Each structure stands twice: as C-alpha cells, then as structure tokens.
Amino acid sequence: MSYTVRFTEEASDDLYRLYLFLLEQDINAAEHALAAIEAAIGLLAFSPFSCRKARPTNSFLRELVIPFGKAGYVALFEIEPGNVVNIIAVRHQREEDYH
C-alpha cells in the first residue's frame, strides 16, 4: 500500500527553521541533516504504522524518530483516510515538546 505524504505549513516552517539554525554553524551539517530527514520521511510513503504512537489512545497520531549525529529529529504525523500522511511538526530531539 502506498501513502501520499504531505507537510503542513507549520511542518515546512519547522524544517526551514531547523535548516537555518544548522546553516549558521555548518553548511555541510545543514545539508546532511536535511538529507537525513528527507530519507527518513520516505519510510512514511509505504510504512507509516511502523512508527511509534504519539499518544496511546490514538493509533493514527505517530512519531518518526530520525537519527542524526548524537541526537536527531522527530516528526509528528497523522495518518488520514485515503492513505494520506500529514506531517504536522518536525523538531530536534533536544527541543521542547511540540504536543
């Protein structure tokens, strides 16, 4: 089964913010982080239910853990009818929670 993966405007803004933060420090790290996030999100096109539940009471709200360096990123997403995955937020694992 194939899923359509979409970013909300907020999630797109998150990616841009994370990229700019790293870009100020190291352009190579920023490019590698973006590539790692894009590669990991590719999983959602065919296996979104393999990711952990964000809340025990909602099987459709899930988190994708994206390893990168000593920490990584987390993408919050929701699986909707019609095989659609909406990415709601992306954050660095050391940031405050987005719930």
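Of the 99 residues of the protein chain, 36% count as buried (under 20% relative accessible area with a 1.4 Å probe and protein chains only; exposed is over 50%, and partly exposed lies in between). The model is predicted, so local features need pLDDT of at least 70 and side-chain atom pairs count only at pLDDT 80 or more, while totals for chains, interfaces and linings use all residues. Residues are numbered from 1 along each chain as its sequence is written, and side-chain values use heavy atoms, with hydrogens and water left out.

The secondary structure of the protein chain comes to two helices and five strands. These are DSSP runs numbered from the N terminus (helices, H or I, of at least four residues; strands, E, of at least two). Along the sequence the pattern reads β-α-α-β-β-β-β. The C-alpha atoms fill a box of roughly 40 × 25 × 25 Å along the principal axes. The radius of gyration of the protein chain is 13 Å, which agrees with the value near 13 Å for a compact globule with 99 residues. That radius is taken over C-alpha atoms, and the globule rule is 2.2 Å times the number of residues to the power 0.38.

Strands E2 (residues 52-55) and E3 (residues 58-68) run antiparallel and are joined by three bridges. Two strands pair if DSSP finds at least two bridges between them. A hairpin of two residues leads from E2 to E3. Lys53 stands opposite Arg62 in E3. Ala89 counts as buried, at 9% relative accessibility. Its C-alpha atom is separated by 16 Å from that of Ala39, 50 residues apart along the chain.

The structure holds two aromatic pairs. Rings of Phe, Tyr and Trp (its six-membered ring) pair if their centres lie within 6.5 Å; planes under 30 degrees apart count as stacked, over 60 as edge-to-face and the rest as tilted. The rings of Phe49 and Phe60 have centres 6.0 Å apart and planes at 75 degrees, so this pair is edge-to-face. Phe49 lies in the loop between helix H2 (27-41) and E2, and Phe60 in strand E3, so the pair ties together parts that are 11 residues apart in sequence. Phe49 is partly exposed, at 39% relative accessibility. Phe60 is also partly exposed, at 44%. The pair of Phe68 and Tyr73 is tilted, at 6.1 Å centre to centre and 40 degrees between the planes. Phe68 counts as partly exposed, at 25% relative accessibility. Tyr73 is buried, with a relative accessible area of 4%.

Helix H1 (9-23) and strand E4 (71-80) each supply at least two lining residues. H1 gives the largest share, four residues. By class, the lining has seven nonpolar, three polar and four charged residues (Ala, Val, Leu, Ile, Met, Phe, Trp, Tyr, Cys and Pro count as nonpolar, Asp, Glu, Lys and Arg as charged, and the others, Gly among them, as polar).
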